[in-house]
Amino acid sequence: MTTSVILDCRHVWKLYGAGAGALLAGGRVPDADALARASVIGAVRDVNVQIHQGEIFVIMGLSGSGKSTLVRCLSRLVEPTAGEIEFDGRDLLRADEAELIAIRRKKMGMVFQQFALMPHLTVLENVAFPLEIQGVDREARQQSARKVIDLVGLQGREDYYPRELSGGQQQRVGIARSLVVEPDLWFLDEPFSALDPLIRREMQDEFIRLQNMLKKTIVFITHDFDEAIRLADRIAVMKDGMIEQIATPEELVQNPATDYVADFTRHVARAKVIRAQSRMEPATAERFAGDVAHDATIEAIADKVERADAPLRVMRDGAVIGQISARAVIDVLVGRG
C-alpha cells in the first residue's frame, strides 16, 4: 500500500507474571518454552504491525490468541510490557495520562462486543455523551449527534431508551457514539458477535456502507473468517500471542505462510476472496460480452461471466487490463487450479 502509516507497532510484548519484564532484558526474545518455565503468560509476543490511513485492518484468531489484548495495547488501555507504538507520528508510550485522555476522546473511537449504553439516557443523549465530556455546548453536541444517528439509520429513534431497541439497533447507537467525535482511528472489538446471524449480516452491510462514505482507518477484531474476508483490506492472523501472517484475504487463501494459516483458511470458499484480476488473461478476444471490475470477487461475477457468450473485459480505472472467461470462473468454483 502507498498510503501513509497512521499506527506503527514495533516489537510489542504483553507478558503476565512475576518478573515478566526481566525475560525481555537486553532485547531477548523468549520462546514459548522459556515463558512457560518462568510461569509467564505471553498474551502478545513480539508483534509488528503497521496500520495504513483509510484501511480496514482485521485482526483475527481463535479465543485466547491475543487479538483483544493486542488492540488494548495499541490504544494503551493495557500497558505493553515492551515495544514501541507510534500513533500519527507521536510516541504513544511516552504520552502522559492527560495526553492519553485527549487522544482517546478526540482521535480514537472504540466499539466493543458489549454495547455499554447508559440505560438512563436516550439514544440522542448516549450518542452525544462523548461530546458532553469534551465540554461541547448542548446545541452543538446534539446537532452532531443527530447527524451520526441519521448516518447509522436510527433517525426517528432519538428519544428511545436502550431497553426499547433491538440488539442491532443498540449496536448502531454504539457505533454512532464512537463516530460522533470524528476519530482518526477506529477500534472495533468483535462488535457484531453477540448479534443473531441475520442481524449480524445486516450490520456488516451497514458497516461497509459507512466505510465507503467515511473512509476511516479501522482496526477490527473478529474470530469469524467469513466476516474478516468480507470486510478487510488486510488481515493479521494471530496464534498464541504472535502474528502468523499479514496479507490480503486473497493472499492468505492462495499463499498461506504457515501450516496454521493454511488450516485456518482451508475451508474458505475461494470464490469469495479470489478476484477477477487474479484469473484474467490478456485481452485478445475479438468480441467481449461486457465488463467487470478488476477487484470484483469471482463469487460476485460468476453468474454474469458464466452466462456470457464471450469473455468479459477486466477494467481498472477505465482501462482494459485483461479478459476473463467462463472457464476461469468455473475453475475457481470447483477448486481447480
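The lining of the second largest pocket is made up of 13 nonpolar, six polar and three charged residues. The structure is a predicted model. The chain has 337 residues, of which 48% count as buried.

**The chain as a whole**

- There are 13 helices and 13 strands in the chain.
- Taken along the principal axes, the box filled by the C-alpha atoms is roughly 65 × 60 × 35 Å.

- The volume of the second largest pocket is about 530 Å³.
- It is lined by 22 residues, and those closest to its centre are Arg104, Met108, Met110, Pro130 and Arg177.
- Two or more lining residues come from each of α3 (97–106), β6 (108–112), α4 (123–134) and α6 (167–179).
- Strand β6 gives the largest share of this lining, with five residues.

**Helix α6**

- Of the 13 residues in α6, 12 are buried, so the helix is largely enclosed by the rest of the structure. Buried here means under 20% relative accessible area.
- The buried residues include Arg172, Val173, Ile175 and Arg177. Arg177 is also among the residues closest to the centre of the second largest pocket.
- The cover over the buried residues of α6 includes β6, α4, α5 (138–151), β7 (185–189) and α7.
- At 1.5 Å a residue, α6 should span 18 Å, and its end C-alpha atoms are 19 Å apart, which agrees.

**The largest pocket**

- The largest pocket holds about 850 Å³ of space.
- Its lining has 27 residues, and the closest to the centre are Ile208, Ile229, Arg230, Leu231 and Arg275.
- The elements that supply two or more lining residues are α7 (197–214), α8 (225–231), α9 (249–254) and α12 (298–307).
- Helix α7 supplies the largest share of the lining, seven residues. Helix α7 is also one of the elements that cover the buried residues of α6.
- Where does the largest pocket lie? Domain 1 (5–268) and domain 2 (272–334) both give residues to its lining, so the pocket lies between the two domains.

Methods
Residues numbered from 1 in each chain as written. Predicted model: local features only at pLDDT ≥ 70, side-chain atom pairs only at ≥ 80, totals over all residues. Heavy atoms only, no water. 1 Å grid on protein atoms, 1.4 Å probe; cavity = no way out; pocket = protein on both sides within 12 Å on 5 of 7 lines; lining within 4 Å. Points joined across faces, edges and corners; volume = space filled by probe spheres on them. Helix = DSSP H or I, 4+ residues; strand = E, 2+ residues; numbered from the N terminus. Domains from an automatic or database assignment. Nonpolar A, V, L, I, M, F, W, Y, C, P; charged D, E, K, R; others polar. Expected span 1.5 Å × (residues − 1). Buried < 20%, exposed > 50% of the residue type's maximum accessible area, 1.4 Å probe, protein only. Contact = heavy atoms within 4.5 Å.
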